[in-house]
Amino acid sequence: MKLIKAIVKPFKLDDVKEALAEVGIAGLTVTEVKGFGRQKGHTEIYRGSEYTVDFLPKTMIETVVDDDAVEQAVAAIVKAAKTGKIGDGKVFVIPIESAIRIRTEETDGEAL
Amino acid sequence: MCAFLAAAWLPETLMAQDTSLPEVPKITLETAANVVEAVAPLDSGNTAWMLTATVLVLFMTLPGLALFYGGLVRSQNVLSVLMHCFAIACLASVLWITILYTMAFAPSACGWVGSLEHIGLSGITIDSITSGYDFPETIFIMFQMTFAIITPGLIVGAFVERMKFSAILLFTALWLILVYAPVTYWVWGGGWLFDKGVIDLAGGIVVHATAGVSALLLAKMLGPRDGFPKKLHIPHHPAMVMIGASMLWVGWFGFNAGSQLAANGNAGMTMLVTHISAAVASLTWMCLEWKINGKPGLVGIVTGMVAGLATITPASGAVGPLGAVCLGFLAGIVCYFACGIVKNKLKIDDSLDVFAVHGVGGIMGTILVAVFGLPAFGGFGEFEMVPQLGIQLTALGAVVLWSVVATFIIVMICKFTVGLRVTVEDEHTGLDQSEHGETSYQFE
């Protein structure tokens, strides 16, 4: 099992969700986050004074999938979230030791 | 039944007339017309308009100015700004009826401050009529009170996000007594500038110049917010800024047109030129931002509106539509660049640009009324340009000097009694929590 952690532009959330559903991903968790990468922040000007916004709003999508579904899921996320412009975000894949569905107490693959 | 009511009512009317009768000989014995005027001087149309105008001007502060300023600060300071405006409104009201009204408007032989004739509103009754006008003095007291409320309210923009609440209250009280009341007497109450014939219909000098200059000095003495100018945070709620600014625009009709103290053609023209200046200044500011920053912003366009309104304020009784267009255009340009000069060149954290918008606008309008008020520009002024310019500049010089000296003394008093600033830690926490123990936005 792998945890896929995707940080994407907030307006791409719906596209990513639909793309994941198409490849059979059953569930995901979404968090509103702030951060910066190579894009850094941006500046806004009010009444002639410049204000620097260091941390930009992004959306973090987390989903755990079986090993054989990882490649397909990551490809779906990348395709859906891409605009080709700076600030599109990143996808991380992290190994997961175990999973339990609380209601039925099923484990690992069956719990996903 | 009707006859009974009429009979019951009649003696009361007679009694009311009886009580006012002893005053008649005191006012005048000259002509029959004057006597009639003294017995029945109330004009219900003017009275109704002045009641309305008073409501409009209070609406400018509560909640107009409060929301305008509240949206411009960080989210952890929005309640403190609303609190400042509200508390100042209450404090100014109490001081106004106690001491300020008599200092500003009671007739006095001295040119510098009013007599103590109306201290604690003594001598004011239900039948008192505003001197020289035809509506109740109670309404004049209320109308002028709303000006005394908004003027220190404007200064809030200079000290947001860092000044101690106790210092704010002390500063406001002393400032109203030492700056606002005397200057009001000089210009409107029959004092030395009034006698010189200075033109200031609704407060370019009395409200905007005093508040703007005092705000700049206070901001300098208080010091900048931590992180100024590099690490400041953006206004937390521009939509709130727009809502408050729009309330200011509407309320300003009471402020300017109400200052004609009558429901007549002058009030109508004043309302018209006020609106024109606001619209032209907004568009001017918007175009400047568009050209210089690449994008026209909401905070920018509404700031232009306030600049246009502050600039037309002293001139709104003398200029015509053409003059209003010119004043609005100049307000948009000059106030826009003044913002940058104060913050980036002078390095003074006049946080919400009180001086650059209100001070510069009010001063500019006070000077230019001597030009755009001339018939050549479609104005209605009955004066000659050069002598009037001299009077306007004399008034500004005196009022600016007095505001600076008095504000300096008041700030020193605050500094050595209650202290001026919150700690750096409290500043980072935000004044909502550290000074008032409340939080503005709870997301659950």
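**Two chains of contrasting build in a predicted model**

Chain A has a radius of gyration of 17 Å, whereas a compact globule of its 112 residues would have one near 13 Å. The model is a predicted one. Along its principal axes, the C-alpha trace of chain A extends over about 60 × 25 × 20 Å. Burial is limited to 17% of the 112 residues of chain A.

The secondary structure of chain A comprises two helices and six strands. Read from the N terminus, these elements follow the order β-α-β-β-β-β-α-β. Contacts in chain A were considered between residues at least 6 apart in sequence; 69% of these join residues at least 24 apart.

Chain B is built from 17 helices and has zero strands. A compact globule of 444 residues would have a radius of gyration near 22 Å, and the 23 Å of chain B agrees with this. The C-alpha trace of chain B spans about 75 × 55 × 50 Å along its principal axes. Of the 444 residues in chain B, 52% are buried. In chain B, 77% of the contacts between residues at least 6 apart in sequence link residues at least 24 apart.

The largest nonpolar core holds 145 residues. Within this core, Tyr69(B) and Cys85(B) touch the most other members. Helix α5 of chain B, residues 78-105, is the element that gives the most to the core, supplying 16 residues. Another core, of twelve residues, lies apart from the largest one. Its members include Ala6(A), Val16(A), Ile61(A) and Ala73(A).

The two chains meet through eight residues of chain A and 15 residues of chain B. On the side of chain B that touches chain A, α12 (298-312) and α13 (321-345) each supply at least two residues. Helix α13(B) gives the most to this side, with four residues. By class, the side of chain B that touches chain A consists of seven nonpolar, six polar and two charged residues.

Note on methods
Residues numbered from 1 in each chain as written. Chains lettered and ligands numbered in written order. Predicted model: local features only at pLDDT ≥ 70, side-chain atom pairs only at ≥ 80, totals over all residues. Rg over C-alpha atoms; globule rule 2.2 N^0.38 Å. Buried ≥ 20, exposed ≤ 12 C-beta atoms within 10 Å, placed from the backbone. Contact = placed C-beta atoms within 7 Å. Nonpolar A, V, L, I, M, F, W, Y, C, P; charged D, E, K, R; others polar. Core = buried A, V, L, I, M, F, W, Y, C linked by C-beta atoms within 7 Å.
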